[in-house]
Structure formats: C-alpha cells, structure tokens
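Here are some notes for a colleague who is meeting this structure for the first time. Please read them with the sequence and the model side by side.

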Amino acid sequence: MSAGGRHTVPVDVHLIAVRDGEEGPEVLLSRRAGDVYASGHWHFPSGHVDGPAEDVVTALVRETREETGLVVEPDDVRAAVVVHHRAPAGSARVGFFFEVRRWAGTPTVMEPRVCDGMGWFPFGALPEPMVAYCRAGLDAYLAGAGVALHFQEPGDPVGHAPEADRLRSVPASGSAGAAPGPAPGDGVSPETVAAPPVRPHA
C-alpha cells in the first residue's frame, strides 16, 4: 500500500436497455439537466451503489426504477462491460454496465429535476451530445469487450468527440496474440456496427 493510503473510487451502475425497433435494435438514453455534471448531454440511466450493503445488480434494479419507472428483475440483468474511467478533471470511478432486454412498464422521466428527456435511439443514430464516459461504455459493449479503460486527459471535452476518444479495451484471458496497448477494434463507433451482439439469456 502506498504512503498516501488505500485508493478508493465511486462505483456506479449503467442501464443498457435494448429493444427491437422498426429499423433494428434501439437503446434507451436520458438527457441530463439542471445543476449536474454534463447537463444537456445524453447518458444511460445510471447511478451509484448506495454503500457496502448494496451489490451492483441491486443498485441497477433500484436506479432503473427510480429514474425510469421500469421494473427489472435481477435475474434479467446481464453483464455487459466494466469501465475504469477518469474524468478530464482527474476524478476516477469504476462503472458496471449491464444489458437488460426484459422489464415491466414504460420508460418515464421520474426525476425531472435532473433529467429533461428520455427516448429510444437506434445504435446507428445516437443523439448528440453524449457523455464521453457513457459513449465509451456503449462502444466497448458493442465491440464485445468485457473490461475497458477510459482515462481522459485534462482539457478533454465532457461530451464524446472522436478526436479525443480514449477508449482502450482490455483483452480477455486467452485472447490470441493479446499484447499491451489498445486491442483491435478500439474506438469502434455505433455507426460502423449494424447491431449489438446477441447474448442469449441463460
């Protein structure tokens, strides 16, 4: 352990709700509003783990209901990707992104003080601006990564910008030819992906 003490970071959870639209798969996004980080930017419905007594799946189910009104059963939550993120200002966090394809209810803005819009968007026609962290998680998910890094630099924009794409996928154990550094497919954008990978439910 370093002399500075044990490093700790917030843990957050992100909902990747996917449905079949008229032109292919669509993802649910909400627009941040008010006195919050990245106000005016689109993001996944998300939130923080409430403490050591709450696991990440329970947190996702709770945050989903609080923010969207959707009721998700824990058994319908699927692991998507884990992203270690650092914001331009230097703060870091770890985000657990989960795919959900089954729920009860209709998405509704439940917290208008911090959210002023919500909608379904095709993977190839995402709204702008999007939070860079959120877009990194989505791109990593679409690329099939299990773990990814998204360490932004001072001066990087809060919103996604292709010229400041910091996404790096971490190769899975046993990957052929795995080597340090970015893996093939890093920075893949939804515009180049026809549909997200099919993940059969257990």
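Predicted model: local features only at pLDDT ≥ 70, side-chain atom pairs only at ≥ 80, totals over all residues.

1. Glu67 lies in helix α1, which covers residues 56-68.

2. Glu67 is buried and yet has no salt bridge, the nearest side chain of opposite charge being that of Arg32, 6.7 Å away. Leaving aside residues up to four places away in sequence, Glu67 touches Pro45, Ser46 and Gly47, as well as Thr108, Val109, Met110, Glu111 and Met118.

3. Charged residues are included, since Arg135 and Asp139 are among the buried residues of α2. The buried residues of α2 pack against β1 (11-21), β3 (42-43), β5 (77-86), β6 (92-100), β8 (147-151) and β9 (167-170).

4. In the loop between β7 (115-122) and α2 one finds Pro129, and a cis peptide bond, with omega of about -5°, joins Glu128 to Pro129. Just after α2, Gly144 takes a positive phi of about 80°.

5. Finally, please look at Ala38, found in the loop between β2 (24-32) and β3, which has a positive phi of about 60° although it is not a glycine. Most residues other than glycine have a negative phi. Ala38 counts as buried because its relative accessibility is 10%, where buried means under 20%.

Conventions. Residues numbered from 1 in each chain as written. Heavy atoms only, no water. Helix = DSSP H or I, 4+ residues; strand = E, 2+ residues; numbered from the N terminus. Buried < 20%, exposed > 50% of the residue type's maximum accessible area, 1.4 Å probe, protein only. Salt bridge = Lys/Arg side-chain N within 4 Å of Asp/Glu carboxyl O. Contact = heavy atoms within 4.5 Å.
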